[in-house]
Amino acid sequence: MATRAMPIVTLSETVLGQEADLFLLLSAKEDLTTKTGKPYLKVTFRDSKSEVSFPIWSDAAWYEAAKAQWTVGGFYRVRGAMRETNFGPQLEIRKIREVNDADKADGFDPAMCLPQSKFDPREMFAELLRIAKDNIEDKQIRKLTESILQKYQKEWLTFPAARHNHHAYAGGLLEHTLSVTRTAMFLAAKYAAYYDDMTPPLNKSVAVAGAILHDVGKFRELACSPEGAVYSAEGAMIGHMLLGRDIVRETAAELKIESEALFRLEHAVIAHQRLPEWGSPKPPMTPEALLIHYADDMDAKMNMMATILREDRQAGPITSKKNVLAQHVYRGEA
């Protein structure tokens with residue numbers, strides 16, 4: 001491809017204006033038109049840590065090739081430079097082709113283009129199992145939680161937490177769940193002791209099990225592909241909270257479990273996003289559900305904040321507000 005040596009960098013390492021070679025996955029391509037009827041393509045390229053989306057206008061040099069030849073899910077070697085525009089950072093492509101066997105000598109590996117957790121999935125899963133075993137005192141709820149963990153082990157090790165926005169990478173759901181569970185354990189112990197006169201008392205078994213299982217419905221809501229997670233039909237029409245309650249209920253029926261704690265666990269699963277516009281049919285109506293909601297929301301928002309600080313390329317102490325939080329973030333002076 002190249003007639004002269006060119007540095008090979010990742011998207012997160014690119015410097016504005018620097019020309020370099022990148023190994024990228026084409027994760028999305030949309031055929032769109034402007035308000036005035038001008039056709040264009042919106043393409044998204046990504047590697048394991050970052051992604052960039054930008055338009056290719058119908059009068060641009062790459063338009064015909066992009067429309068006819070660029071394949072979503074394909075890996076490409078791209079020579080280009082990042083430019084800051086009014087629409088955020090965009091990749092100015094100088095050369096592009098599909099990767100080939102020769103690129104392996106330059107370090108290409110498909111895994112370098114697929115987003116994934118920085119933590120080892122098997123270690124995270126083993127910790128989640130230990131937490132369930134050691135911290136869920138209710139024997140029936142513990143058995144139910146362990147059963148769901150083991151039944152969906154393959155999914156736990158590979159699924160993202162979402163299509164976009166937070167923990168949207170392989171192992172992301174497990175990373176998010178473990179983080180939420182650690183926070184929920186801390187909060188449950190704190191508030192059970194602080195409100196020791198609460199009637200009924202905060203059920204720590206439900207809090208821990210609910211944290212572990214709050215997003216389990218995503219195994220039915222989402223399907224994984226090289227282009228990223230996509231919604232299943234039941235995911236689009238029913239949503240992961242009710243699908244998660246289905247998994248909890250089905251497993252409880254198999255294990256012949258009926259209890260007040262199970263009822264509270266079901267509620268925690270369907271209420272963890274709190275608002276109807278976020279998909280919850282009911283708001284948190286128990287201490288355990290409230291606790292899980294805030295542990296979940298904080299972990300998702302902190303992941304978004306970290307992603308903005310890592311990926312924003314705008315100069316100065318304040319980031320652009322063109323991000324998932326739709327707000328400026330202060331990074332400080334260089």
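Author: Glutamine 327 is partly exposed, with a relative accessible area of 36%; partly exposed lies between buried (under 20%) and exposed (over 50%), for a 1.4 Å probe and protein chains only. The model is predicted, and local features need pLDDT of at least 70, side-chain atom pairs count only at pLDDT 80 or more, and totals for chains, interfaces and linings use all residues. Residues are numbered from 1 along each chain as its sequence is written, and side-chain values use heavy atoms, with hydrogens and water left out.

Glutamine 327 is placed in the segment after α11. Apart from neighbours within four places in sequence, glutamine 327 has contacts (heavy atoms within 4.5 Å) with Met305, Thr319, Ser320 and Lys321. Between its C-alpha atom and that of glutamine 116, 211 residues away along the chain, there are 26 Å. Alanine 326 is also in the segment after α11. Alanine 326 is exposed, at a relative accessible area of 56%, and has a positive phi of about 55 degrees although it is not a glycine. Most residues other than glycine have a negative phi, and most peptide bonds are trans.

Now the chain as a whole. It has 11 helices and seven strands, taken as DSSP runs numbered from the N terminus (helices H or I, at least four residues; strands E, at least two). The C-alpha atoms fill a box of roughly 70 × 40 × 40 Å along the principal axes. Of the 334 residues, 43% count as buried. Among contacts with a separation of 6 or more, 56% are between residues 24 or more positions apart.

The part to look at closely is α5. Helix α5 covers residues 172-194. Its 23 residues reach 33 Å from the first C-alpha to the last, close to the 33 Å expected at 1.5 Å a residue; the expected span is 1.5 Å times one less than the number of residues.

Two packed helices are described by the angle between their axes and the distance between the axes. Here axes are lines fitted to C-alpha atoms, for helices over the stretch in contact, and angles run from 0 to 180 degrees between N-to-C directions.

With α11 (residues 287-311), α5 packs at an angle of about 135 degrees, the axes being 9 Å apart. That makes α5 oblique to α11; under 35 degrees counts as roughly parallel, over 145 as roughly antiparallel, 65 to 115 as roughly perpendicular and the rest as oblique. The crossing of α5 past α11 is right-handed, meaning that the near helix is turned clockwise from the far one by less than a right angle. On the α5 side, the contact is made by His176, Ser179, Val180, Thr183, Ala184, Leu187 and Ala188. On the α11 side are Leu291, Ala295, Asp296, Met298, Asp299 and Ala300. By class, there are eight nonpolar, three polar and two charged residues, where Ala, Val, Leu, Ile, Met, Phe, Trp, Tyr, Cys and Pro count as nonpolar, Asp, Glu, Lys and Arg as charged, and the others, Gly among them, as polar.

With α6, the angle is about 165 degrees and the axes are 8 Å apart. The two helices are therefore roughly antiparallel to each other. Here too, α5 makes a right-handed crossing, past α6. From α5 the contact takes in Thr177, Val180, Thr181, Ala184, Met185, Ala188, Ala189 and Ala192. From α6 it takes in Lys204, Ala207, Val208, Ala211 and Ile212. These residues divide into 10 nonpolar, two polar and one charged.

The loop between α5 and α6 holds proline 200. A cis peptide bond joins proline 200 to threonine 199, with omega about -5 degrees.

Alanine 132 is buried, with a relative accessible area of 0%. Beyond residues up to four places away in sequence, alanine 132 touches Arg142, Thr145, Glu146, Leu149 and Ile212.
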